[in-house]
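Hi everyone, thanks for coming. I'd like to walk you through a few spots in a model, so please have a look at it with me.

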Amino acid sequence: MILKESISYNYLKYLFTGVFSALLLIGYAQEEEKNQEKNQQTSEQREERQPTLMDSIDVVRDYRPMLADAVKVRRSPDMRINREAIENELQQIAAATYFSLNGFKQAYNDEILKRNPNASRDNIDNYRISYLAYHAREYPRATSILESLETSDAFYQGAIITLGIIAIETSDKQRARNAFLKASKMDLDPELKMIALYNYAKALHELDSAQVALEVLQDYIAKKYANSDRDGNKPESVETLSVDVLLGTSNFHAGVSLLESLNKRTHEDDVTYQKATYYRALEFYNERAFENSISMFMRSEKFPIDVKMAALATYWKAEAMYEVRKYKEAVENFSRFLRLPAARNTDVYNYANYGLAYAAFRNNTFAMAADYFERFLTTDAHSIDENIRYDVVARLGDSYLSVRDYGRANRYYNQLIDSKAPNQDYALFQRGIIYGLQGDNQTKINTLWSVLEKFPGSNYADDVAFEVPYTYFTSGDYDTAIEGLQKMVEQYPRSSYVPRALITIGLVQYNKGETEVAKATFQRVVEEYSTTDEATQALRSIENIYLDQGDASGYIHYATNTNISNLTAAQQDNFTFEVANSLFNKGAFEAAVEAINAYFDKFPKPIKEKHARYIRGLSLYRTGHPEEALHDLNIILNDWTSKYTESTLMTVAALYLELKKYNEAIVHLKKLELTSEFKENYNYAVTNLMICYFQIGDFEQVTKYANLIKNYDRSSEDDIAKAHLYSARAMLQEGNVSSATKELNLAAQKSQTAVGAEARYRIGQLQYENKEYNKAQETAFDVINNMGSHDYWVAKSFILLADTYARKGDNFQAKSTLKSVIENYEEDDDVIPAAKERLKKLN
């Protein structure tokens, strides 16, 4: 349930709204000035406020169904599959792959001799000679010698294997198979026995005896890897995956990986891949590894050879997405499943309506949820489990309640009540809520009390205990409300409603003028329920009480020293930081500095160091401590990856401009100009670079940046006018009056701001210096009459006007003009001294 309090406007704006600012002041000097003005207004209004009794309370309650009670039944997929058949298909693919990677194995002479040095001398010599003949492709001579070997030792077994190899190379596969079979049954040399067994399997495979070849190969693989560790850290390869499949695995993982590793797959391979990925996904689903199952279902969907299986993959993918709270994606996939022609032939078709309805419900699309819940009830209604039916009826009531169709909502709640369903207490509670939403609070209260009367052991007892006094609160009966809420806290101390109740109690206490009692109530929420949203609201309320009392330091001391035992170190760090952050967002910059200092004192290695330094740097800047501000801000800039880098660059550049440290400002403005990530601030950078270079007398750079601004497609008219102005000022420094005049005229034409006023004034100054006094007077009057909002340039134009009067011999008018400037101009700059100096000369 969402609570929004609205307490007479003055209180609402500063206290207990439940929604607090999360804005972070950025580094733009102009934006900060605007925020500072707003904060000054806030401070003035706070000083004017007299927090005694509240004038009125208007509570707006946004109601949502209690989703904690809405639990979708998780269905289990049908795992009655012919696992042996799929595993056999995978093993056939693995066998073919293994054979393609490995040729027939040789019985090498040197290896046999190493293992059998005491063999018959004649056998050793004859085998060596025959092996040389074999390598020379003299097959008849090699065969004749091999057949002459005695049967007494391993060389005879090797001879049979080599005779099989000769048969393979002469395309006599039947003879080869017989030779390898014969050698595989000999026990003269274990290594030769394994070679013969493998060759026998490969010969069978080439003779298209696939199943027998598979069985023989599995026997070979099992013996070869009997004593090896298959769970080692060897890199996965096509061959190792083939071995894993041939050894037999507990799931389809190795088979899927093998198929995905093949460069070319046949249609039959893809058929097996669809099945293997689908059933592996189901295994993941049953293991509650839902993210893994989603990935595997998506792989299976890419090969929709069996359309029914493809449809089921989409359905179970949607179910998995629901389980991981990807409700929007679940809605999309349930909808897609329902549109598939093959879906109607599955036994999960109607449950897709149920799943889609719940996903839409969780996604807050309640009209869609109601539609599909109703489809679920009307489709194949006789087969729906009774408990699921009652749950769906309740959700239908909730869905219609959420779209404010109270009549239809009540019809579904009444079904539960009339049928004495197990969740009829919930339905009765919701009926009471609807009465309240319709403005009948007394009937609402009576209905809610009836929940406890009829169902003393109801799970909604604490809901009733909170909702009834809260209704009195919304009605303006604060004494009854606070009494009921206090009873609720005592009776149900473990209820999730307790922090909400305490917040409401504290709110009433404060507005009754019981400030310290309210503070204690809010502190209880912070200290006992620190991980709740109400704790955050309570802390802001405590902050406002301290600030209303003018005791920011007291608040900082409380917030940074409160011992909240159930917070982790990271949560405590965040809690203390947010104290400063909140003060900063309110524009209480001095207090923010104090709070950040306390944060660093409490946490020597704070988690939010960069953000904290950013806040302290800006706060110091805003409170007139630019040099101290630079310390924190430059630390941030040392880490170029910080998310505060750009705004800090802006602030530091503005700060150096304010301090008139133009070379330092140029360094930071160049970074803004040249870094592609900061292109949004490119115009700010080049404009201020132009100004900085003018101030240090580098007029070539002034011209460069002025031209960049004039040609930049995102420059405003005023930016371009400023570029013309500084081009003119640079030209004047170099004595190029004619070109400067043209630039000043362009600046004056493009701008009605201070830039335009300055350009007009400087045109008049040039006219005066050129002894064109009448024109100078006209220009001065143009500024005075048409640019009145720019006091500085208006005052300078009055002084120019006085100069023209003096040059034309009208000293009386000149003196009067200067006296008027001295008496009326209020700023502390060069205007008054210039006027006094001229007046002194005229006297």
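Let's begin with Y139, which counts as buried because its relative accessibility is 12%; buried means under 20% relative accessible area, exposed over 50% and partly exposed in between, with a 1.4 Å probe and protein chains only. Before I go on, a word on the source: this is a predicted model, where local features need pLDDT of at least 70, side-chain atom pairs count only at pLDDT 80 or more, and totals for chains, interfaces and linings use all residues. Residues are numbered from 1 along each chain as its sequence is written, and side-chain values use heavy atoms, with hydrogens and water left out.

Back to Y139, then. This residue lies in helix 6, residues 139–147; helices here are DSSP runs of H or I with at least four residues, numbered from the N terminus. What does Y139 touch, leaving aside neighbours within four places in sequence? The partners are Y134, I166, E169 and T170, where contact means heavy atoms within 4.5 Å. With I166, 27 residues apart along the chain, the C-alpha separation is 6.8 Å.

Next up is N123, in helix 5, residues 121–135. N123 counts as buried, because its relative accessibility is 1%. Setting aside neighbours within four places in sequence, N123 contacts L149, E150, S152, D153 and F155.

Now please move along to R838 in helix 43, residues 831–842. Is R838 buried or partly exposed? At 30% relative accessibility, R838 counts as partly exposed. Beyond its neighbours within four places in sequence, R838 is in contact with I799, D803 and L818.

Last, the helix pair. Helix 17 (residues 349–362) and helix 18 (residues 366–378) have axes that come within 8 Å and cross at roughly 160°. Axes are lines fitted to C-alpha atoms, for helices over the stretch in contact, and angles run from 0 to 180 degrees between N-to-C directions. So helix 17 is roughly antiparallel to helix 18, a term for angles over 145 degrees. Who makes the contact? On helix 17 the residues include Y351, Y354 and F361, and on helix 18 they include F366, Y372 and R375. The contact residues divide into 13 nonpolar, 2 polar and 1 charged; Ala, Val, Leu, Ile, Met, Phe, Trp, Tyr, Cys and Pro count as nonpolar, Asp, Glu, Lys and Arg as charged, and the others, Gly among them, as polar.

Thanks, everyone!

Conventions:
Helix = DSSP H or I, 4+ residues; strand = E, 2+ residues; numbered from the N terminus. Parallel < 35°, antiparallel > 145°, perpendicular 65-115°, else oblique.
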